[in-house]
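Here is a short briefing on one protein chain. Look over the sequence and the structure first, then read the points below.

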Amino acid sequence: MSVNLSKNGAALMAAYKDVVDGKSDKNWALFTYEGNSNDLRLAQTGDGGLEELVEELNSGKVMYAFCRVQDPNSGLPKYVLINWTGEGVKDSRKGLCANHVGSIAGFLKVRSPCDHQRPRRRRRGTRKHPGQSGQSFRSQL
């Protein structure tokens with residue numbers, strides 16, 4: 001099932017705009033689900049940076065944090081999307097919510113979401129006999 005971003009869309013977007021607005025003191029917004037539904041809602045916002053945000057993460061919930069941080073080298077604002085899955089979340093819920101990250105990144109206009117998957121290994125060649133069972137890829141090179 002897909003994530004529902006429209007039910008609370010106005011509140012989600014307002015929190016997002018507060019974080020990206022350079023004139024606003026708000027520098028993070030935390031989102032979570034309404035109960036066991038797929039309806040995303042605003043959980044909290046704050047102006048205390050990552051230190052404050054970390055204190056609000058719940059070990060029993062799947063949460064998404066959108067933060068504005070200052071790049072120490074350039075002084076420019078950078079935006080971070082954090083996908084938090086607490087250790088107390090059931091495995092079935094973890095799997096379902098893992099599929100929502102792309103939709104949430106798109107909704108929050110995150111242009112280059114961090115790839116949370118393992119990097120693909122680079123192949124050194126092609127299989128000579130792709131239909132043979134029992135052979136590993138390496139043994140065919």
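What share of the 141 residues of the chain counts as buried? In this predicted model, the buried share is 30%.

**Overall layout**
- The chain has four helices and four strands.
- Along the sequence, these elements come in the order α-β-β-α-β-β-α-α.
- Counting contacts between residues at least 6 apart in sequence, 53% link residues at least 24 apart.
- The chain has an accessible surface of about 9,700 Å², and carbon and sulfur atoms account for 48% of this surface.

- In soluble globular proteins, nonpolar side chains tend to be buried together.
- The largest nonpolar core here has 21 residues, and Phe31, Tyr33, Leu40, Tyr64, Phe66, Ile104 and Leu108 have the most contacts inside it.
- At least two residues of this core come from each of α1, β1, β3 (62–70) and α4 (101–107).
- The element that gives the most to this core is α1, with five residues.
- Another core, of six residues, lies apart from it and includes Leu53, Met63, Ala65 and Cys67.

**Asn27**
- Asn27 sits in the loop between α1 (9–20) and β1 (28–33).
- Asn27 counts as buried because its relative accessible area is 13%, under the 20% cut-off.
- A polar side-chain atom of Asn27 lies 3.3 Å from the backbone oxygen of Asp47.
- Leaving out residues up to four places away in sequence, Asn27 touches Val19, Gly46, Asp47, Gly48, Gly49, Phe66, Cys67 and Arg68.

Definitions and conventions:
Residues are numbered from 1 along each chain as its sequence is written. This is a predicted model: local features need pLDDT of at least 70, side-chain atom pairs count only at pLDDT 80 or more; totals for chains, interfaces and linings use all residues. Side-chain values use heavy atoms; hydrogens and water are left out. Buried means under 20% relative accessible area, exposed over 50%, partly exposed in between (1.4 Å probe, protein chains only). A polar contact is a pair of N or O atoms within 3.5 Å; within protein, one must be able to donate a hydrogen and the other to accept it, and residues adjacent in sequence count only if both atoms are side-chain atoms. Contact means heavy atoms within 4.5 Å. Accessible areas come from the Shrake-Rupley method with a 1.4 Å probe; for residues, only the protein chains shown count as cover. A nonpolar core is a set of buried Ala, Val, Leu, Ile, Met, Phe, Trp, Tyr and Cys residues joined through side-chain atoms within 4.5 Å.
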